[in-house]
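Visitor: Hi! Could you walk me through this one? I'm new to looking at structures.
Guide: Happy to, let's take a look.

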Amino acid sequence: MSTVSAASAREHRVTAPALRARKQRGERIAMLTAYDHAFAAIFEAAGIDVLLVGDSLGNTVQGLDTTLPVTLDETIYHTRLVARAARRALVVADLPFGSYQVSPEDAVRSAVRCVKEGGAQAVKLEGGTAVSGAIARIVAAEIPVMGHVGLTPQAVHRMGGHRVQGRGEEGRARVLADALAVEAAGAFAVVLEGMPAELGREVTAALAIPTIGIGAGVHCDGQVLVMHDLLGLGEWTPSFAKQYASLGALASQAARAFAEEVREAKFPGPEHSYR
Ligand code: KIV
């Protein structure tokens with residue numbers, strides 16, 4: 001890329017302040033998870049605004065039951081692959097469990113590594129009032145932070161499973177208080193996960209920063225899906241997610257056709273052979 005076109009790509013880059021400003025204009029935000037260069041390039045070309053290197057990589061890429069074992073080094077590695085493909089989309093690295101809970105200093109160190117070594121332009125972390133100090137410190141270190149409240153998978157053991165949050169008056173008030181704390185701490189956006197659509201609407205109306213929903217109804221300012229759910233690459237699709245393609249079935253069909261042609265000595269044909 002020439003210096004001029006690199007500069008113009010930078011000018012059109014989705015930024016944290018630009019995403020904040022979209023809420024005032026009523027422009028919705030489309031965010032997808034990505035974990036590697038190939039899919040990040042496809043989503044980038046499709047005009048996705050935000051590429052989230054989610055700690056869901058523990059489930060989708062590593063075959064784990066929870067996101068808890070994902071390490072900061074693994075997050076940084078996958079962020080680097082995604083950042084290499086992103087020209088316009090904002091790249092957000094998801095701070096994994098244990099990388100920000102111990103102290104705000106730890107949180108800043110982890111976030112700095114995601115930016116410096118991974119090429120992220122922002123980080124995301126889970127929790128509300130309990131992590132507001134960590135959010136404020138990361139923001140003070142000039143790194144934009146996306147919050148994440150409601151169903152927070154890193155709290156799977158406290159929640160007793162991946163359970164919808166915010167049902168009942170106490171739950172509703174807790175989710176709202178968490179979202180307000182995240183905003184007050186300086187986050188530029190917040191993910192709302194796994195809550196009644198009506199609460200998604202209420203939190204979205206209460207905040208000046210954009211909300212990005214996953215299983216939180218249509219009233220959020222944006223939506224995020226895990227790419228394996230979007231593309232039908234997982235073993236199942238959660239009820240809140242919409243599968244827009246069946247790539248798993250296509251991949252299986254391709255692998256079967258390849259195996260058959262190898263066994264019947266039909267591949268490689270002359271057109272795939274060197275002379
Ligand atoms: O890790 C992840 O993919 C996420 C999204 C579900 C928001 O946090």
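Visitor: Which residues surround the ligand?
Guide: The ligand is surrounded by T33, L52, G54, D55, S56, D94, K124, H148, V191, I214 and V226; a residue is near a molecule if one of its heavy atoms lies within 4 Å of it. This is a predicted model, where local features need pLDDT of at least 70 and side-chain atom pairs count only at pLDDT 80 or more, while totals for chains, interfaces and linings use all residues. Residues are numbered from 1 along each chain as its sequence is written, and side-chain values use heavy atoms, with hydrogens and water left out.

Visitor: How many nonpolar, polar and charged residues are in that shell?
Guide: The shell has four nonpolar, four polar and three charged residues. Here Ala, Val, Leu, Ile, Met, Phe, Trp, Tyr, Cys and Pro count as nonpolar, Asp, Glu, Lys and Arg as charged, and the others, Gly among them, as polar.

Visitor: How far is an oxygen atom of the ligand from an N or O atom in the side chain of S56?
Guide: That distance is 2.5 Å. For the side chain of D55, a ligand oxygen is 2.9 Å from an N or O atom, and for the side chain of K124 the value is 3.0 Å.

Visitor: And how much of the ligand's accessible area does the protein cover?
Guide: The protein covers 95% of the 250 Å² that the ligand has on its own, by the Shrake-Rupley method with a 1.4 Å probe.

Visitor: New topic! Where is G200, and is it buried or exposed?
Guide: G200 is in helix α10, residues 197-206; helices are DSSP runs of H or I with at least four residues, strands are runs of E with at least two, and both are numbered from the N terminus. G200 counts as buried because its relative accessibility is 0%. Buried means under 20% relative accessible area, exposed over 50%, and partly exposed in between, with a 1.4 Å probe and protein chains only.

Visitor: What about E142, buried or exposed?
Guide: E142 is exposed, because its relative accessible area is 70%. This residue lies in the loop between α7 and β5 (145-150), and E142 has a positive phi of about 75 degrees although it is not a glycine.

Visitor: Which peptide bond is cis here?
Guide: The one from F267 to P268 is cis, with omega near 0 degrees. P268 lies in the segment after α12 (247-263).

How values were computed. A polar contact is a pair of N or O atoms within 3.5 Å; within protein, one must be able to donate a hydrogen and the other to accept it, and residues adjacent in sequence count only if both atoms are side-chain atoms.
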